[in-house]
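Let's take a friendly walk through a few helix pairs and individual residues. Have the viewer open as you read.

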Amino acid sequence: MKWNTTEKLKNLLFELVSWESETLTEGEQEFSRKLVSKLHELSYFQHHPEHLQVSEVDYDRQVVSALYMQEGIRDTVVLISHFDTVQFDEYGSFKPLATKPEELTNAFLANPNLLNESARKDLQSGDYLFGRGVMDMKMGLSLHMQLLERAIEEEWPINLLLLTVPDEEVNSAGMRQAVKHLAALKEAKDLNIVLFLNSEPSFTQDPDDTSEYIYSGTIGKIMPAALFYGKETHVGEPFKGMTAAFMSAFLTTEMEWSEKFKEEQFGETTPLPVSLQLKDLKDRYSTQTPYRAVSLYNVFLLKRSAEEIMTIFEDVATTAMAKCQERYEEVCARHGAKAVGKIRVIRFEDLQKYALEKLGVQSVNDIINSVIINNSLDDREKSLKIADQLMINCQELAPATVLLFAPPYYPPANSSDDPLVKGAISILLDEAKKYDIPLEQIHYFNGICDLSYCQSNETKEWHSYERNTPVWGKTYDIPFKDIAKIGAPVLNVGPFGKDPHQISERLHKKSGLEEMPELLYKLMQYVMTQREETKFRKI
């Protein structure tokens, strides 16, 4: 066997980490091809090449799927991982070593002041390996490859599907494509998906946290956004206009840390909303006031749907603009000036409907397409630009605040009450005691992950997201219908590490290379035992 010992597993990890795969780079494109070649070394895929497939995503990136399938068995565990990493410019002169864990770790030993105090302590302990992707999440992929090989060699009475994707770190385009691929594969092979198992690393809850975690769900994330469209004027005649900066300040004040978006489930609470972007749309200096601005807000979810978030967002925006209007009219009254109008709060879907009635379908489509074809803009910029261009053609609605969603959207997923997951967690917690692992359950993975696309929680509320996301169906979509076809319990069991996305990203060696292989094996033994006890699942 190629990856069945600690040393062999470490060598596999080092090889995967050495394949640089920063999101939206040539390395990410090449990684899938290298991985297919690596998996093809297993005799099973030489005899069953049709079980080793790729699915095209975009920008020459591919999802890799490797299916071990036992004849006459439908029950399938899907092993989810991603192979892209964030950038590593922060390594500076050590950048050439960022994907060479042993060399980088030794370089840090000679230059410890590059690390924070906690990382220096871990470095001196000798218990950690440093490097980009070593924790997030090529250790997880390595563990899945080891599981797959073991299932093949031992002829496990259950199917395993390794599914690893690009682009988890930016837009999850890889997983959204993987869902479509999996839905088709499920139907073609008549698979019964019993569990989605991710192995994202365990995240510390605070800087001094030494506990390790398994997760029975994943937090959701959505981005409400706003276009502020005021009235332009010369700075010498301020009361003849209304600046977008003035308008945006009121909404941002209401949105930042708003308790209205707070959710609590299983004793766990969402982080409060914060601003992700706030800027005006003037592209050069002039004495014309900035009358258009945009903002993005981060909102976390545990159970709420997109429609519920839009309703709360609309309520907050209405309150904010009422305060803005009141303040504005007070100033106007003091100076004997006439107000330029009442601020409207408009959902994007209503703005688009108004524009269609005024301009016609062809004109609106032309406006939208002129934005879509601009490849210098990302999906967030395109979303805001479409709203902006429609408002420019419907200025009679100003002053107005247009509410919309900007990609990406990660629906929440949770399986804490699922019998299989509850049993699996019980087994894992018991096994952890044998290795003195301080393992605990958390109900929602707080790092945001692709398990969001493995469970269907929304129904008609999908339409609210679709109608209020300007780029929906053009450059961005979520395969909600396919998610409903493949939906199954989710669980995240991964290695312990610290500081993802930082120069001090590191993996606990014993956790990743010794303890986690045993825990995942015990987990799979439990799942297979449960399968044997439910004979009705067999063909």
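## Lys260 in its loop

Lys260 sits in the loop that links helix H8 (244–255) to strand S11 (264–265). As in the rest of this report, the setting is a predicted model. With a relative accessibility of 42%, Lys260 counts as partly exposed, because that class covers values between 20% and 50%.

What does Lys260 touch, not counting residues up to four places away in sequence? Its partners are Arg304, Ile312, Asp315 and Val316. Looking back along the chain, Ala245 is 15 residues from Lys260, and the C-alpha atoms of the two are separated by 24 Å.

## Helices H1 and H6

Now turn to helix H1 (residues 6–18) and helix H6 (residues 138–154), whose axes come within 9 Å and cross at roughly 130 degrees. That angle makes H1 oblique to H6, because it falls between the roughly perpendicular range of 65 to 115 degrees and the roughly antiparallel one over 145. The crossing is right-handed. On the H1 side, the contact uses Leu9, Leu12, Leu13, Leu16 and Val17, which meet Lys138, Met139, Leu141, Ser142, Leu143, Met145 and Gln146 of H6. Sorted by class, the residues in this contact are 9 nonpolar, 2 polar and 1 charged.

How do the two helices look one by one? H1 has 13 residues and spans 18 Å from its first C-alpha to its last, close to the 18 Å expected at 1.5 Å a residue. Its buried residues are Leu9, Lys10, Leu12, Leu13, Phe14, Leu16 and Val17. H6 has 17 residues, so at 1.5 Å a residue it should span 24 Å, and the 24 Å between its end C-alpha atoms agrees. H6 is mostly covered, with 14 of its 17 residues buried. Just after H6 comes Glu155, which takes a positive phi of about 55 degrees.

Glu514 belongs to helix H16 (residues 509–532). Is Glu514 buried or partly exposed? Its relative accessible area is 42%, so Glu514 is partly exposed.

Setting aside neighbours within four places in sequence, Glu514 is in contact with Thr6 and Lys509.

## Helices H10 and H12

Helix H10 (residues 348–359) and helix H12 (residues 379–392) have axes 10 Å apart and pack at an angle of about 40 degrees. H10 is therefore oblique to H12, because angles count as roughly parallel when they are under 35 degrees. The crossing of H10 past H12 is left-handed. H10 contributes Phe348, Leu351, Gln352 and Ala355 to the contact, and H12 contributes Ile386, Ala387, Leu390 and Met391. These contact residues divide into 7 nonpolar, 1 polar and no charged.

## Ile372 in H11

Ile372 lies in helix H11 (residues 361–372). At 14% relative accessibility, Ile372 counts as buried, because the class takes values under 20%.

Leaving out neighbours within four places in sequence, the contacts of Ile372 are Lys382, Ile386, Val471, Lys474 and Thr475. One of these, Ile386, also takes part in the contact between H10 and H12.

Key:
Residues are numbered from 1 along each chain as its sequence is written. This is a predicted model: local features need pLDDT of at least 70, side-chain atom pairs count only at pLDDT 80 or more; totals for chains, interfaces and linings use all residues. Side-chain values use heavy atoms; hydrogens and water are left out. Axes are lines fitted to C-alpha atoms, for helices over the stretch in contact, and angles run from 0 to 180 degrees between N-to-C directions. Helices (H or I, at least four residues) and strands (E, at least two) are DSSP runs, numbered from the N terminus. A crossing is left-handed if the near helix is turned anticlockwise from the far one by less than a right angle, and right-handed if clockwise. Contact means heavy atoms within 4.5 Å. Ala, Val, Leu, Ile, Met, Phe, Trp, Tyr, Cys and Pro count as nonpolar, Asp, Glu, Lys and Arg as charged, and the others, Gly among them, as polar. The expected span of a helix is 1.5 Å times one less than its number of residues. Buried means under 20% relative accessible area, exposed over 50%, partly exposed in between (1.4 Å probe, protein chains only).
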